[in-house]
Amino acid sequence: MLTPRQETVTPLRHPFHVDDDGVNRPPGPDKHPYYGHFAATGSGVVPVVRQVNGESVSALLICRYADVKAVLRRQDVFSRAAATTADAIDVTGTMLGMDGAEHARVRGTVKDLFTRPAVARLRGRVEAEAAAQLAALLARGNRADLLRDFAIPFTLHVICDLLGLPHQDWARFRRWGDLFLADSELTRDEAARSTQEMGAYLWEQLENRRGCPAGDMLTRIAGTTADQPVDVQIKLPISLVVGGWETAANSIATFVHVLRTRPYRGYGSGWEYLVDHPEKLDSAINELERLHSISNADDLPRRVLADVKLPSGVRLTAGDVVIPSHDAANRDPRVFPDPERMDFDRDPNPHLSFGYGPHYCVGAHLGALEVRTAIGLLLRELPGLRLAVPADEVRWKAGHAVLGPQELPVEW
Ligand code: HEM
């Protein structure tokens with residue numbers, strides 16, 4: 001078998017939609033055709049080059065499902081902490097920038113709050129927030145921006161409420177979170193400033209809880225992380241807020257876009273099909289998560305710590321930077337027959353859009369509940385919901401780690 005370096009002479013620029021000015025501009029909700037191509041053909045390990053902090057970073061994009069899982073599972077060989085210099089967004093000090101015992105300790109301080117049973121107990125709060133945001137949407141008349149006027153306030157309020165942040169400050173996290181996830185060279189300074197501002201604010205909140213416990217998630221974090229460096233203490237709530245609202249909000253908007261604009265099984269759109277087949281909601285969203293993950297750019301590289309052979313047989317060398325691609329793995333025909341076909345009956349559908357292994361999304365149950373609650377509610381209460389502009393006029397976020405529309409004008 002060829003080594004990845006022999007297979008492609010010139011490394012591809014990564015992310016695949018990056019323009020000459022270094023900004024990643026995905027044209028829509030569909031992933032670049034390279035993902036399916038590289039998952040199905042060749043070695044599945046593709047040399048790429050990305051610009052980080054003005055430097056060219058060479059990396060190997062891992063595209064086959066079994067290989068991606070192997071990279072995500074083995075923290076002992078594939079280190080996040082040793083790869084943060086290759087990150088487009090700065091996640092040092094958060095769980096996503098740690099390995100091994102340090103990672104387990106930080107994650108361990110909150111993980112029981114996000115288990116399946118713990119999240120099931122939050123269902124009533126999540127449904128009530130979705131209903132409140134729907135009422136606010138309807139009060140706007142018969143046209144609105146589904147992202148700004150429904151999806152963002154819904155998911156932002158859920159996580160801010162869980163943490164126990166004061167209501168009047170929630171909106172500040174919208175701007176901070178957006179800047180934190182900006183991943184272009186042009187926005188790097190703004191991203192760093194937003195982290196500083198968020199950090200200073202959250203430190204004050206944690207200090208307040210230490211003097212005066214409030215029975216919320218921040219009180220728990222203030223207590224369980226008190227012996228850890230300040231940077232780690234403040235970055236834990238940052239990762240929960242930033243990881244918590246933008247991911248779910250953009251999934252909601254992207255999935256509504258796709259459902260409204262693609263025909264499905266004799267219906268004019270997937271949306272109309274689901275209005276008639278509400279029992280398919282869960283499996284339909286699972287399939288949308290597979291095809292339209294919120295990842296814009298395969299972030300989160302790992303560094304290889306020791307020579308290793310992947311399940312496909314490709315050999316990697318200590319020091320290599322690898323980027324396990326959820327989007328390519330989700331299109332591996334060995335696991336997902338006819339992978340580009342949207343199939344709400346796909347079973348099994350073990351997609352990797354929430355990651356896998358030790359860094360598996362800690363908020364996956366909550367995110368999944370939010371997305372299903374929001375789309376289920378919209379299907380029931382606004383079955384006639386549709387885009388208010390032609391689908392190709394919707395603009396997609398540029399230079400950002402999360403895939404989603406800049407706005408989603410809808411009418412009903
Ligand atoms: C639809 C919603 C969501 C999606 C698609 C999503 C996706 C992801 C992905 C792909 C990862 C990285 C996995 C890896 O590196 O292998 C991740 C990690 C993470 N997510 Fe989510 N996420 C969502 C919702 C949430 C929510 C609601 C929260 C907060 C409560 C959250 C907090 C986190 C955190 C803290 C991590 C880091 C975990 C670790 O490093 O151990 N996410 N998420």
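The ligand is surrounded by 24 residues, and G243, G355, C361, G363 and G367 are the closest; a residue counts as near when its C-beta atom, placed from the backbone, lies within 6 Å. This is a predicted model, in which local features need pLDDT of at least 70, side-chain atom pairs count only at pLDDT 80 or more, and totals for chains, interfaces and linings use all residues. Numbering starts from 1 along each chain as its sequence is written.

Which elements give two or more residues to the shell around the ligand? They are α11 and α15 (364-381). Helices here are DSSP runs of H or I with at least four residues, strands are runs of E with at least two, and both are numbered from the N terminus. The largest share of the shell, seven residues, comes from α11. By class, the shell holds 13 nonpolar, 10 polar and one charged residues; Ala, Val, Leu, Ile, Met, Phe, Trp, Tyr, Cys and Pro count as nonpolar, Asp, Glu, Lys and Arg as charged, and the others, Gly among them, as polar.

In the largest nonpolar core, A151 and I252 touch the most other members out of 79 residues. To this core α11 gives the most, with 15 residues. Such a core is a set of buried Ala, Val, Leu, Ile, Met, Phe, Trp, Tyr and Cys residues joined through C-beta atoms within 7 Å, where buried means that 20 or more other C-beta atoms, placed from the backbone, lie within 10 Å of a residue's own. Leaving aside residues up to four places away in sequence, I252 touches A151, V371, A374 and I375; contact means C-beta atoms, placed from the backbone, within 7 Å. A second, separate core of 29 residues includes A86, I323, A329 and L352.

Helix α8 (residues 170-180) has F173, W176, G177, D178, L179 and F180 as its buried residues. These pack against α7 (146-163), α9 (188-211) and α11 (230-261).

Two bridges join β10 to β11 (residues 409-411), and L387 has V410 as its bridge partner in β11.

How values were computed: Buried ≥ 20, exposed ≤ 12 C-beta atoms within 10 Å, placed from the backbone. Contact = placed C-beta atoms within 7 Å. Pairing = 2+ DSSP bridges.
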